[in-house]
Amino acid sequence: MSGRPPELSGVESIIGLFINTVPTRVRVDGQVLGWLRELQDGQAESRRFDFVPQRANLFDSILVFENYPITDLRMRDLHGIESTNYPLAVVAYPGECLEFGFGYDPDLFDAATVERLAENLLILLDELTHGDRPVESVPMITDAQRRQVIADWNDTGTEIPDGTIPDLFARQVARTPDAIAVVADGTELTYAELDRRANRLAHRLVELGVGPEVAGRAAGGTLG
């Protein structure tokens with residue numbers, strides 16, 4: 001927020017930076033036009049809290065909308081560098097066309113990531129102009145990114161062998177009896193050792209009266 005309330009007489013001529021950053025929570029739901037109106041109403045309502053002091057670690061990114069008039073002052077060959085203490089900052093500049101600037105901490109983001117974020121933002125803004133529809137249906141990724149998520153990253157097709165789990169385990173024991181099958185708490189068991197222990201446990205359970213549909217108690221004792 002600019003920190004210059006319009007009800008304060010002469011506020012536009014006061015020198016100084018009065019900006020205050022207000023955290024905003026947004027629920028993304030409903031139809032696009034209704035959602036945008038609700039968002040605008042919520043931002044207008046939040047002006048009541050312009051001067052609430054910010055506590056640490058409330059958020060780690062910031063969106064700035066540079067919307068202030070400059071009518072009398074004229075400067076040439078002006079170069080400025082703006083910086084924030086946020087890992088990611090997006091600044092919107094209204095004019096004949098809406099421009100955006102991205103600032104980021106290079107220790108946390110690389111240029112390729114920020115360029116992808118900028119591309120996704122442009123896609124989202126363009127799609128928002130295509131009429132009212134559910135917000136969740138508005139795309140924000142490219143066709144190539146969609147193919148990557150839906151097709152490339154989900155290309156997990158594999159052949160599933162026939163047989164039950166005990167059958168498959170028995171086949172593996174026969175193929176690689178000396179290969180390590182289990183590692184836990186510093187102990188290693190080969191497939192052959194694991195098979196022997198599993199058989200001993202199975203025989204012990206049968207001795208206790210365990211069979212199909214039996215659980216909890218057997219032969220007067222509790223199974224742990």
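Trainee: Which residue in β2 stands opposite serine 61?

Mentor: In this predicted model, local features need pLDDT of at least 70 and side-chain atom pairs count only at pLDDT 80 or more, whereas totals for chains, interfaces and linings use all residues. Residues are numbered from 1 along each chain as its sequence is written, and side-chain values use heavy atoms, leaving out hydrogens and water. β1 and β2 (residues 88-93) pair in the parallel sense over 5 bridges, where strands are DSSP runs of E with at least two residues and pairing requires at least two DSSP bridges. In β2, the residue opposite serine 61 is leucine 88.

Trainee: Which strands stand at the edges of the sheet?

Mentor: The open sheet has 3 strands in the order β1-β2-β3, with mixed pairing. Two of these strands each have a single partner, so one side of each is left without a neighbour in the sheet. The edge strands are β1 (61-65) and β3 (99-104).

Trainee: How many residues apart in sequence are the parts tied together by arginine 27 and glutamate 38?

Mentor: The two side chains meet in a salt bridge at 3.7 Å, N to O, the criterion being a Lys or Arg side-chain nitrogen within 4 Å of an Asp or Glu carboxyl oxygen. Arginine 27 lies in the segment before α1 and glutamate 38 in helix α1, so the tied parts are separated by 11 residues.

Trainee: Is glutamate 127 buried or exposed?

Mentor: Glutamate 127 forms a salt bridge with arginine 133, with the closest N and O atoms 2.7 Å apart. Its relative accessibility is 18%. With buried set at under 20%, exposed at over 50% and partly exposed in between (1.4 Å probe, protein chains only), glutamate 127 counts as buried.

Key:
Helix = DSSP H or I, 4+ residues; strand = E, 2+ residues; numbered from the N terminus.
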